[in-house]
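Student: Please take one part of this protein and look at it closely. I would like to see how that part sits in the whole chain.

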Amino acid sequence: MHSTPTDRPVSGRGTRQRLAVSLIALTLFASGCSEPPWETPAAAAEAGPSAPSPSSVPSPALPTTDPSAGTTPSPTTDEGEADDGTDAVVVAEEQTLPRSEPEPAPEPSPEPEAPKLPPFQSDLASGTAVHVLDAGTVRAEVSYWSTLSMDQWTPGALKPLNVRVTATGNGSISLVGLRAFLEHYQDGTWEALPQDAVSLPPLPGPAAITTPASTIQAISIGAVPEEATALRITLMLDLADVRGTTSTNFSAVDSLTVTLAQ
C-alpha cells in the first residue's frame, strides 16, 4: 500500500520572518514603489513638521564697543531674508568718531608798555632852580642850571649841570667839601647808579662863599639806562663857619630832580 506524501508544515520563528519580508518586497516591486511607505511624502506629512536643528537658527551679531569712541554705539536692526529663505536679522553698528577740537587762535602779542612817567615835575622845568638850606648857624643858597636845554636831556646824552653855592652866618662861611650821588627813576622806583655815572671835580681847597661871594662847581652826568624817566642828583655840602679863632663845621644835604626827554 502506498502512502500519499503530505506537505511538511513550516514551523519556526525565523522561517515566518523570512516569508513576511519576501511578501513585502514582492508587493513593493508589483506597485512600482522604490521607497518604504514610512519614508514617503504622505507619511512625512502625517508625522508633522520637524523641529529645526539648533545649528540652522542664525544667531544675531552683538554690537561691539570702540574704546576710542567717547560714546557706546547704539545698534540699529534691519530685517531681511537670508540666502536660505529664512528671515535673518542684520545688526548695523553705528560708531561715533571722536570730534576734532578746533585749534585755539593764537593770542596777540602784548604791546610794549610805555615808560611810566614820574608823578612829579622837574626842578629845572623853568631852566633854573634855587634851594635854601639851613645848617646850624649857616644858611646856604644853592642854585642849579644847565647849558643844555631840557628837551635834550635824554638818557644817553652827556648832561652838564652847574651848581653855585653862597651862604650867610655869624662869621666867614667856607665850602670845604662837596659830593654828588645819582639815582634814576624807573617803573615807579628809584635806583642808585654807580658812582662813576656822575663826575664832580674835587675842590682845590676851602672856597669862601660868604655872601656876596660864591663858588660855582660843574657836574657832568653821563649815560643812564634807556628805561630811566628821571634823575635825582643828591649833593652833600660840608660848610665851615669861622669866627675869629673858632671854626664850626656843619653839613647840609640837598637834592635836585630832573625829568628826562624820551
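Tutor: Start at L237. Leave aside its neighbours within four places in sequence. L237 then touches L133, V142, V165, L175, G177, L178, F250, S251 and A252. This is a predicted model, so every contact here is a contact in a prediction.

Now place L237 in its setting. The largest nonpolar core has 38 residues. L237 is among those with the most contacts inside this core, together with Y144, L182, I219, I221 and L235. Several strands supply the core. β3 (128–135), β4 (138–145), β5 (159–168) and β6 (172–186) each give two or more residues. So do β10 (215–221), β11 (230–243) and β12 (246–259).

Next, follow one partner of L237. L133 is one of its contacts, and L133 belongs to the covered face of β3. A129, H131 and A135 are on that covered face too. The uncovered face of β3 holds T128, V130, V132 and D134.

Look across from β3 to β4. The two strands run antiparallel, and 8 bridges join them. L133 stands opposite A140 in β4. A135 has V138 as its bridge partner in β4. Together β3 and β4 make a hairpin, with 2 residues between them.

In general, strands of a sheet pair through backbone hydrogen bonds.

Two loop residues are worth a stop. S122 sits in the loop between β2 (87–92) and β3. Its relative accessibility is 10%, so S122 counts as buried. Beyond its neighbours within four places in sequence, S122 contacts T257, V258 and T259. A polar atom of the S122 side chain lies 3.2 Å from the backbone nitrogen of L124. S122 and L231 are 109 residues apart along the chain, yet their C-alpha atoms are separated by 9.3 Å.

The other stop is Q152, in the loop between β4 and β5. With a relative accessible area of 44%, Q152 is partly exposed. Q152 and L260 are 108 residues apart in sequence, and their C-alpha atoms are 8.2 Å apart.

Finally, the whole chain. It has 2 helices and 12 strands. Along the sequence, the pattern is α-α-β-β-β-β-β-β-β-β-β-β-β-β. Of its 262 residues, 26% are buried. Take the contacts with a separation of 6 or more: 63% of them join residues 24 or more positions apart. The accessible surface is about 18,500 Å², and 56% of that belongs to carbon and sulfur atoms.

Keep the confidence in view. The mean pLDDT is 77, and 59% of residues reach 70 or more. Over residues 1–7, pLDDT stays under 50, and the model has 0 contacts beyond four places in sequence for them.

Note on methods
Residues numbered from 1 in each chain as written. Predicted model: local features only at pLDDT ≥ 70, side-chain atom pairs only at ≥ 80, totals over all residues. Heavy atoms only, no water. Core = buried A, V, L, I, M, F, W, Y, C linked by side-chain atoms within 4.5 Å. Buried < 20%, exposed > 50% of the residue type's maximum accessible area, 1.4 Å probe, protein only. Helix = DSSP H or I, 4+ residues; strand = E, 2+ residues; numbered from the N terminus. Contact = heavy atoms within 4.5 Å. pLDDT = per-residue confidence, 0-100. Pairing = 2+ DSSP bridges. Areas by Shrake-Rupley, 256 points an atom, 1.4 Å probe, with all protein chains shown as cover. Polar contact = N/O pair within 3.5 Å; in protein donor to acceptor, adjacent residues only side chain to side chain.
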